[in-house]
Amino acid sequence: MPRPPRQRPPVRQPAASARAPQDGSYKHLFSHPEMVEGLLRDFVQEDWLGLIDFTTLEKQGGSYVTDDLREREDDIIWRVRVAGEWLYVYLLIEFQSQVDPWMAVRVMVYTGLLYQDLIKSGAVAAGERLPPVFPLVLYNGTGRWTAARDIAELIVPLPNALARYCPQHRYHLIDEGRIGVETLDQAGSVAAELVRLEVLATDGPDAVRPILRRLSARLQGPGYASLRRALSVWFARVLLRRLMPDEKIPELHDLVEVETMLAEHVEEWTQKWKREGIQEGIREGILEGERRGELQGKADALKRLLRRRFGELPQWADARIDTATLDQVDGWLDGMLQASTLEGLLGGQPPESRRPAG
């Protein structure tokens with residue numbers, strides 16, 4: 001029985017201005033063929049991957065421009081030979097915590113723009129077929145990804161005679177926080193180490209040190225100089241700022257520098273991280289208490305008003321109010337003046353509480 005994915009708890013997020021550099025950091029990371037190959041091998045478990053010749057990976061330059069002339073900075077495009085033919089891998093990285101419900105529309109538009117560019121540039125001549133595109137969305141938000149993965153799911157179903165005109169275009173999703181523990185345990189690429197860092201960072205600064213040591217030992221030699229620098233920049237601008245948003249993190253240019261800095265500060269930062277986590281928990285507890293207090297106060301007020309209008313409340317009405325949310329209670333309070341019956345206001349009497357007449 002495969003183990004369930006590790007649920008990533010919410011973490012304190014730095015301000016938007018502090019988070020901005022992560023966009024470029026991720027794009028720089030996945031501009032390295034080792035990262036793209038690892039992402040595909042470890043997290044896209046489909047049969048056709050066995051036909052890929054990863055030695056042919058080529059990064060395609062430039063962003064494609066939408067009709068309103070705004071360049072997108074979140075797309076990374078590679079091509080690779082699959083069974084002798086070119087496949088375009090269109091990688092989109094989602095940083096935002098809110099899931100985009102229209103991602104399938106975005107992916108379809110981006111794919112169309114890619115095809116348009118290939119035609120305009122002469123990469124595909126008249127009479128030739130367009131190359132296949134594999135859209136891949138990498139999501140690192142804390143909430144579960146809930147958006148439709150195929151454009152067809154967002155379109156009103158058509159009668160059979162018109163169904164053939166409904167577009168279908170699907171993207172593959174890698175939801176980092178929902179990757180199964182077993183899948184992650186078996187993954188051995190540098191991309192997998194990046195995902196581990198994203199997931200384990202919620203355990204504090206000390207939790208990332210073993211992964212950092214493995215990366216430093218693995219990426220030796222001049223051939224990995226660019227990837228080492230990209231990882232160092234990502235550590236400084238993204239991971240450490242996420243862990244310690246109030247600390248001033250210097251620019252780092254090599255994994256050895258990152259290791260040294262962590263070794264010097266890990267005890268201090270871990271204690272500070274724990275204190276801030278406790279304080280955050282206390283603040284959340286206070287807010288929850290305030291919400292519960294507000295709910296209880298409004299529920300009591302609602303019951304008093306209902307008794308004045310409808311007399312003593314039956315048990316089912318008491319129970320319904322006691323288990324209601326704050327929004328429900330607010331709605332009932334707002335509807336008090338228009339309601340002519342208790343059942344009409346609270347949504348009807350449950351069947352088990354109704355007793356036959358006589």
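**Exercises on a predicted model**

Leu305 is located in helix 10, which spans residues 255–310. The exercises below refer to a predicted model.

**Exercise 1.** Determine whether Leu305 is buried, partly exposed or exposed, and state which residues it contacts beyond its neighbours within four places in sequence.

*Solution.* 
Step 1. The relative accessible area of Leu305 is 34%.
Step 2. Buried requires under 20% and exposed requires over 50%, with partly exposed in between; Leu305 is therefore partly exposed.
Step 3. With neighbours within four places in sequence set aside, Leu305 is in contact with Leu333 and Met336.
Step 4. Met336 is 31 residues from Leu305 along the chain, and the C-alpha atoms of the two residues are 8.4 Å apart.

**Exercise 2.** Asp150 has no salt bridge; identify the nearest side chain of opposite charge and explain why the pair does not qualify.

*Solution.* 
Step 1. Asp150 is found in the loop between strand 4 and helix 5, and this residue is buried.
Step 2. The nearest side chain of opposite charge is that of Arg170, at 4.6 Å.
Step 3. A salt bridge requires a side-chain nitrogen of Lys or Arg within 4 Å of a carboxyl oxygen of Asp or Glu, so Asp150 has none at 4.6 Å from Arg170.
Step 4. The side chain of Asp150 does, however, reach the backbone nitrogen of His169 at 3.2 Å.
Step 5. Not counting residues up to four places away in sequence, Asp150 touches Ala104, Gln168, His169 and Arg170.

**Exercise 3.** Explain why helix 7 is largely enclosed by the rest of the structure.

*Solution.* 
Step 1. Helix 7 comprises residues 190–200 and has 11 residues.
Step 2. Among its buried residues are the charged Glu193, Arg196 and Glu198, as well as Val190, Leu194 and Leu197.
Step 3. Because 10 of the 11 residues are buried, helix 7 is largely enclosed by the rest of the structure.
Step 4. For the protein, 42% of the 358 residues count as buried.

Terms used:
Residues numbered from 1 in each chain as written. Predicted model: local features only at pLDDT ≥ 70, side-chain atom pairs only at ≥ 80, totals over all residues. Heavy atoms only, no water. Buried < 20%, exposed > 50% of the residue type's maximum accessible area, 1.4 Å probe, protein only. Helix = DSSP H or I, 4+ residues; strand = E, 2+ residues; numbered from the N terminus. Polar contact = N/O pair within 3.5 Å; in protein donor to acceptor, adjacent residues only side chain to side chain. Contact = heavy atoms within 4.5 Å.
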